[in-house]
Amino acid sequence: MYGEPIQALNNALSSMVNTLRSDAHALDSLWISIVTFDREVNELVPLTELASFQLPEIVCPQSGPTHTGKALEMLYQKVKNEVIKGDATQKGDWKPLLFLFTDGKPNDLQLYREMVPKIQSLNFGAIVCCAAGNLADDSLLKELTSDVLHLDTADSATLKQFFKWVSETIEQGNKSQGTGESMALPPPPKEITIVI
Amino acid sequence: MPTITVKSIINGSTYQYVDNGEPKSGTAKNVYFSPDKKYVVAIFKKTPDFTQKQRLIKIATDHLNRIRNSEGGDYYIDELFRWPTDVVEYNKQIGIIVPLYKPNYFFKKGYSNQDLIKGDEKNGKWFAGAKFRNKQFPLSLDGSELGTWLSYFQICVNIARGVKKLHQMGLSHSDLSYNNVLVDPVDKSAVIIDLDSLVVPGIWPADVIGTADFIAPEVLATKHLDIKDPKRKLPSRLTDLHAFACLVYMFLLHRHPLKGGKVHDLDTEKDDLLSMGEKALFIEHPTDATNRPKLNQVSKWDLFWADVNKLPYTITGPYLKDLFDQVFIKGLHTPTERPTADQWEQALLKTTDLMQPCSNKNCEQKWYVFDNTNTPKCPFCGTKHTGTLPVLDLYYQFKPTVWKPENHRLMVYSNQYLFQWHVNRNVTRNERLSAEQKIPVGYFTFHNQKWVLVNQKLTSLKDLTDDKEIPIGQMVELTDGKKLLLSKEDGGRVVVITMANK
């Protein structure tokens, strides 16, 4: 990502973090980590408790390959090592949620396809991919998850709405629960095209 | 920003709200403010079905009127509930009109180091958990928002009264949680909100099973069953009593009564379902210690309150201890054993009579419950009580010449007041007290190295030990073993004085 989309993303991320930081429930339970990927894969913020979380400016190169597969590889290791699994004496962490943003398509396709089942085996609570702009390849992202949202324009307003939805997803555990069974994602914002 | 006019489906009245495009969004409703900010219009996201609509109308008419016309009606409507007052329709959507909360339910300061939540609602969750009161926590609440330990007793009393009233009317809240109460430790008050999904079993079924942390074990344990299955348990008066007890426990002890260290399943979700449902176990169960919190696994911000050895639930005093035992041990899986809201109200109030101010100026809780020992100390900061401490035990006349203990004790501190409800057992301390009955009848003070009771309004106060009448405007010294008759009238009590910390 480069130019306006990344600016808009930074802006939207920052307002999402502020929303979450004014939510008592999120502050009680949420930890966040950010991994960026282009040619390099970088753990921009290691897993940090929301209250101590400082959002850095995400900077991406103007051009170059998109190493989504390598990013998933790093993510896989991080989740394996850092998310506490339940055992006989210790309760496990809640299932993590994965939100992936990209405006391109994986250039390391082989690794990407190798990592997809591994990531899926990690038992995420939800995996949501957000594809921004006309270069993003939804069909490849659909291999990772059925929840792919395509943002035609990655402008500030659209992204903000998307992140509002993300934070609602995160906050959902603390809301009143219906008498039915579904603990599904809340409906995504209307303005966004959903790929089916 | 467009102002939208909506019309009542009950009587055609009109209301307005400002559509700023970003309503406050809850699970079921989007909430908009009226232009004058006196009420809110809460629009249901999913159009209510016929029964739900009928229920809303009934809540906003019959039930509202019943409360208004009952004894203490204004108190309930103005202080304890934000009760829906009308049902409106706009663009085929249904909404309700609810009066806005009082200004004290919005944060004046919020976090101590930034303005992020300044002006936000004081949702109960902020005051239930331990983190936000830990000064080391990066986003802790400002000390000016937290009140004292005594504040939380009054908060719980308010909620108890609200629940009591609903239950008296045959209604259940069905989704009592810290999200549905606003609390103000500064003004020492609380208000119950989201009163639009009240449940009457058999007539108005439950729409929700509740909010995590507050759902009764039997509801979770049967949640996999079909809604029509007779074994399926849904919210009712009895599940409200579980949720309410969790609230009291959390507001007073800032930890959850069932969330301990015991692991039931390696899958986190299954484990949570079991530990809050079928296998629920009180973390402070006296004989089964398997669910005690494991301090090495608790967030460092929560440690102070998580240590059940340092701050056991017994610090809430003997009356509440009994009720916690009843609700989290006996009644945990036997809903009919759960204490009623009325029992909670009385126990909370009686407990405030056992409270002492902590002499340590820096103590964060400021108050504690007398621990019934000869050398009392504050459980929060460890400061020992200095000086003697008069303890008054109340007795009632069982039959002429036979007086029996009330199981009610009044701890004396300087400038502590004596009220009608201490003097006479026919006066109950509740929301129905008249203004006259809320005026103190005497006060205690430490004067010239002696503890004394100054009589302000008692017409027949008598020192039985010295056989001496104490007229209004006079005082009587409190000494070990002394007996005082507070009133000769029917229901008048005798107090027996014990001096602790001698």
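In the predicted model, the centres of domain 2 of chain B and domain 3 of chain B, taken over C-alpha atoms, lie 33 Å apart. Domain bounds come from an automatic or database domain assignment. That assignment divides chain B into domain 1 (1-100), domain 2 (104-373) and domain 3 (387-500). The contact between domains 2 and 3 of chain B draws 10 residues from domain 2 and eight residues from domain 3. Two residues are in contact if their C-beta atoms, placed from the backbone, lie within 7 Å. On the domain 2 side, α11 (341-352) and β11 (355-357) of chain B are the elements that give two or more residues. Helices (H or I, at least four residues) and strands (E, at least two) are DSSP runs, numbered from the N terminus. The domain 2 side comprises five nonpolar residues, one polar residue and four charged residues. Here Ala, Val, Leu, Ile, Met, Phe, Trp, Tyr, Cys and Pro count as nonpolar, Asp, Glu, Lys and Arg as charged, and the others, Gly among them, as polar.

Residues are numbered from 1 along each chain as its sequence is written, while chains are lettered from A and ligands numbered from 1 in the order in which they are written. Because the model is predicted, local features need pLDDT of at least 70 and side-chain atom pairs count only at pLDDT 80 or more, whereas totals for chains, interfaces and linings use all residues.

Chain B contains 12 helices and 22 strands. Its radius of gyration is 25 Å, close to the 23 Å that the globule rule gives for 502 residues, so chain B is as compact as a globular protein of that length. The radius is taken over C-alpha atoms, and the globule rule is 2.2 Å times the number of residues to the power 0.38. The C-alpha trace of chain B spans about 80 × 55 × 50 Å along its principal axes. Of the 502 residues in chain B, 43% are buried. A residue is buried if 20 or more other C-beta atoms lie within 10 Å of its own, exposed if 12 or fewer, and partly exposed in between, with C-beta atoms placed from the backbone. Among contacts in chain B between residues at least 6 apart in sequence, those joining residues at least 24 apart account for 57%.

An open sheet in chain B is built from seven strands, in the order β2-β1-β6-β7-β5-β4-β3, with antiparallel pairing. Two strands pair if DSSP finds at least two bridges between them. The edges are β2 (14-18) and β3 of chain B, each of which pairs on one side only. V6(B) stands opposite Y15(B) in β2(B). K24(B) has V31(B) in β4(B) as its bridge partner. A hairpin of three residues links β3(B) to β4(B). Antiparallel pairing continues from β4(B) to β5 (residues 39-44) of chain B, over five bridges. There, K29(B) is bridged to F44(B) in β5(B). The β4(B)-β5(B) hairpin has five residues between its strands, and K37(B) in the turn has a positive phi of about 55 degrees.

Chain A has six helices and seven strands. Their pattern along the sequence is α-α-β-β-α-β-α-β-α-β-α-β-β. Buried residues make up 30% of the 196 residues of chain A. Among contacts in chain A between residues at least 6 apart in sequence, 66% join residues at least 24 apart. The 18 residues of α1(A) should span 26 Å at 1.5 Å a residue, and the end C-alpha atoms are 26 Å apart, which agrees. The expected span is 1.5 Å times one less than the number of residues in the helix. Among the buried residues of α1(A) are A8(A), L9(A), A12(A), L13(A) and M16(A). An α-helix has 3.6 residues a turn, so residues three or four places apart point the same way.

Between the chains, 26 residues of chain A contact 30 residues of chain B. On the chain A side, α1 (4-21), α2 (24-29) and β6 (176-178) each supply at least two residues. The largest share, four residues, comes from α2(A). By class, the chain A side holds five nonpolar, 14 polar and seven charged residues. Strand pairing also crosses between the chains: β6(A) and β10 (residues 208-211) of chain B are antiparallel over three bridges. Q177(A) has G210(B) in β10(B) as its bridge partner.
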